Every structure is written in structure tokens, then in C-alpha cells.
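Here is a short tour of a protein chain, written to be read alongside its sequence and structure. Have both open as you go.

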Amino acid sequence: MAPAVPVPGTGSGPGPNPDPVPDPLRDPWRDAMRLALDEADAAGPAGDVPVGAVVLGPDGEVLARAHNEREATGDPTAHAEVLALRRAAAATGEWRLTGCTLVVTLEPCVMCAGALVQSRVERVVFGAPDEKAGAAGSLWDLVRDRRLNHRPEVVHGVLGEECARQLTAFFRDR
Ligand SMILES: [Zn+2]
């Protein structure tokens with residue numbers, strides 16, 4: 001059978017069912033990304049950039065959720081990913097997050113990409129790319145650097161437009 005060719009007008013776009021074309025790579029992560037988007041909303045009141053992250057265990061259970069708390073706590077390392085990894089490790093009692101997946105609304109920076117490698121997560125799923133500071137494919141590709149002995153799988157663009165819109169709205173309203 002010939003591969004399905006996307007028909008113009010049936011892909012992403014406005015409407016009640018904006019993305020009817022199945023995407024087996026990204027669809028399994030949409031629910032977790034919605035949790036991350038909800039979590040990101042909680043960053044706003046403190047003036048923090050709305051970035052949210054969740055860590056899923058090997059069976060898909062939510063181990064931890066976190067949002068950017070840099071302004072809220074005055075901690076330069078309090079990015080959503082770092083906080084979520086710390087909470088997941090505390091929940092499991094183990095620094096190695098083998099088999100876990102971190103889902104985050106914005107592409108990780110170099111610090112978070114480093115933390116992801118250190119934590120041995122199996123997979124990183126992100127929504128919007130960060131063209132200015134992304135370290136999972138945009139500006140650097142630290143998580144898949146072949147010189148490192150642990151390289152998480154990367155899935156990008158899950159609910160990417162929603163994630164980008166949330167950030168755009170935050171900076172527009174400032
Ligand atoms: Zn970061």
C-alpha cells in the first residue's frame with residue numbers, strides 16, 4: 001500500500017478537531033503534555049516564564065510535576081525540568097531515573113539537558129522549540145551528543161503550537 005499522503009486542510013489548523021492525522025510518535029505524549037501545560041500555568045503568578053514539566057515512570061505513572069520557579073524562589077537553577085527530576089528522584093528514592101520520560105513544554109536549555117543526561121532518563125519529550133537557547137536540537141544537541149555515554153531519545157513538537165502560544169502570550173502580556 002502506498003503511504004498516506006496528507007491532504008491539504010486536514011492537518012493542523014483551527015477547528016474542533018485540528019489534528020486528525022494520527023501521529024504515532026507524538027500522540028502517546030499528548031496527555032502528559034497537557035499536564036505540563038497546566039503545570040506551566042502555575043508559574044505565571046510569581047512572574048516566572050510559564051514552563052511546565054512532568055516525569056513519567058516506566059509504566060506511564062506521573063512521578064513528579066514542576067514549573068519554573070526562578071522568580072518565585074530566587075534560584076537560578078529552578079527550571080521546571082531540574083525541579084521535576086529532583087522530585088521524581090525523591091519519589092523513587094533513586095537518582096537514576098531509568099526508564100522514565102520527562103515531558104516539558106519548552107525545549108530544555110543546556111543546564112537542563114545536562115541534568116537529563118545525568119538522571120539517565122530514557123526519553124525527553126518537548127513541545128515548543130527554543131531557537132535561542134535550546135539544547136535538544138535547536139542550538140545545541142547535547143542530549144544526543146555521541147561523546148556522552150547516555151543519550152535519551154528525543155520527541156519534539158508534541159502540542160508544539162499550544163506550548164508556543166502559552167509562552168508568546170506570557171511575553172506579550174508583560
Ligand atoms: Zn533549563
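## Helix α1 and its buried face

Let's start with a helix in this predicted model. Ala32, Met33, Ala36, Leu37, Glu39 and Ala40 are the buried residues of α1. Looking down the axis of α1, you would find these buried residues within an arc of 160 degrees, so they line one face of the helix.

What does that buried set pack against? Its partners are the strands β1 (52–56), β2 (62–67), β3 and β4 (123–128), together with the helix α5 (160–173).

Helix α1 covers residues 30–41, and its 12 residues should span 16 Å at 1.5 Å a residue; the end C-alpha atoms lie 17 Å apart, which agrees.

## Leucine 97 in its loop

Now move along to leucine 97, which sits in the loop between α3 (80–92) and β3 (101–106). Is this residue buried or exposed? Leucine 97 counts as buried because 27 C-beta neighbours lie inside 10 Å, and the cut-off for buried is 20 or more.

Beyond its neighbours within four places in sequence, leucine 97 touches Val55, Leu85, Ala88, Ala89, Ser119, Arg120 and Val121. Leucine 116 is 19 residues away from leucine 97 in sequence, with 9.2 Å between their C-alpha atoms.

## The whole chain

Stepping back, the chain has five helices and five strands, arranged along the sequence as α-β-β-α-α-β-α-β-β-α. Buried residues make up 36% of its 174 residues. Among contacts with a separation of 6 or more, 55% join residues 24 or more positions apart.

Methods:
Residues are numbered from 1 along each chain as its sequence is written. This is a predicted model: local features need pLDDT of at least 70, side-chain atom pairs count only at pLDDT 80 or more; totals for chains, interfaces and linings use all residues. Helices (H or I, at least four residues) and strands (E, at least two) are DSSP runs, numbered from the N terminus. A residue is buried if 20 or more other C-beta atoms lie within 10 Å of its own, exposed if 12 or fewer, and partly exposed in between; C-beta atoms are placed from the backbone. Two residues are in contact if their C-beta atoms, placed from the backbone, lie within 7 Å. The expected span of a helix is 1.5 Å times one less than its number of residues. The arc is that of the directions from the helix axis to the C-beta atoms.
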